[in-house]
Amino acid sequence: MKLSILGGGRWGVALSLHLGKLNHQVLVYDRNQDIVREINRGNHPYMKDIKLKGVEATTSLKDIEHYSDYVIIALPVQTIREVIQSLDLSQKVVISASKGLEIGTYKRVSQIVKEVHSSAKVFCLSGPSFASEVSKGLPTALVLAGEDTDQMRKIRDLFFSENFRIYLSTDIVGVELGGALKNVVAIACGISDGLGYGENARASLITRGLAEMVRIGVKLGAKRETFYGLSGMGDLFLTASSPQSRNRTFGFLIGKGKNPQRAFEEIGQVVEGAYTVRAVKKLSEELSIYAPISCAVYEVIIENKNIQEVVKSLLLRPPKEEFEVL
């Protein structure tokens, strides 16, 4: 099969490498000419230990448009609308592999795509997956969500290999929200680790952060059980506990005393949770959702409040029954 990928970053190239190994032909779009040049040489500037097979790259969206009926989105969420507005995705099968919410609209990626291209068939691929490990062919399990089960089975078969397993879900709302919201909790866990609060605190944040994700998700129309699967608990645990996680590392640097701007500069990549937290803050206010962890992250990284005062306020909240606000 021929497949197109929007985004020549680590995740887009990891997916292209995986698909190339399965003898698919892949065309990657990226606006960065240096990245495109390296991909066409079989290399990638950020993943120097890999060799690409069956993968080509272009800076032309028109090339992508005519290459395949399958288009995979692996772009930073805040750039997706701009890119796809210059691309005809009508009648295409669009697979979002991006995680986050659009600032201002609070929309999920599938909503952005349908708003711009109403006739596109949109699906979401999400779950615990570091690009570096997918590139090495290490075992990975993801979830694919959408409304058309027959089409999802076809997509699953395109990706399936011994070390790349895909489960199916009809809850695209929950799967997309799980991938977005866990990044905010991961920042909170990074801040806690940077402050030296230990593993007990991290476990508590992961657990209560998951409860917060469930509250937000259910309020927005997701199924509760989705958050206990790969795109919820699975992705949360990975992102909140591993030093490979950009979101957790971003929080860790802040916990160590770096201001958010300096933390961004040190990471040098997109930190989706830092954008998503703005949407979560607004949604929690407008829909009266109890989201103390997300609000605390917002106060630290957006409002630049004193981190010790924010943590103290979080810890001194009135005690509740464990499942009182679920």
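Mentor: Let's start with a term: on a 1 Å grid over the protein atoms alone, a pocket is an open set of points where a 1.4 Å probe fits, with protein on both sides within 12 Å along at least five of seven lines. This is a predicted model, where local features need pLDDT of at least 70, side-chain atom pairs count only at pLDDT 80 or more, and totals for chains, interfaces and linings use all residues. Residues are numbered from 1 along each chain as its sequence is written, and side-chain values use heavy atoms, with hydrogens and water left out.

Trainee: How much space lies in the largest pocket?

Mentor: Rolling a probe the size of a water molecule over the atoms shows where empty space is left. Here the largest pocket holds about 1100 Å³, a volume being the space filled by probe spheres set on the grid points, joined across faces, edges and corners. Its lining (residues with an atom within 4 Å of a point) counts 36 residues, and R10, W11, R246, Q269 and V270 are the closest to the centre.

Trainee: And how much space lies in the second largest pocket?

Mentor: About 340 Å³. Its lining has 18 residues, with S192, L205, V311, L314 and L315 nearest the centre.

Trainee: Which strands pair with β1?

Mentor: Strands are DSSP runs of E, at least two residues, numbered from the N terminus, and two of them pair if DSSP finds at least two bridges between them. β1 runs parallel to β2 (residues 25-29) over five bridges, and K2 sits opposite Q25 in β2. β1 also pairs in the parallel sense with β4 (residues 70-73), over three bridges, where I5 faces I72.

Methods:
Helix = DSSP H or I, 4+ residues; strand = E, 2+ residues; numbered from the N terminus.
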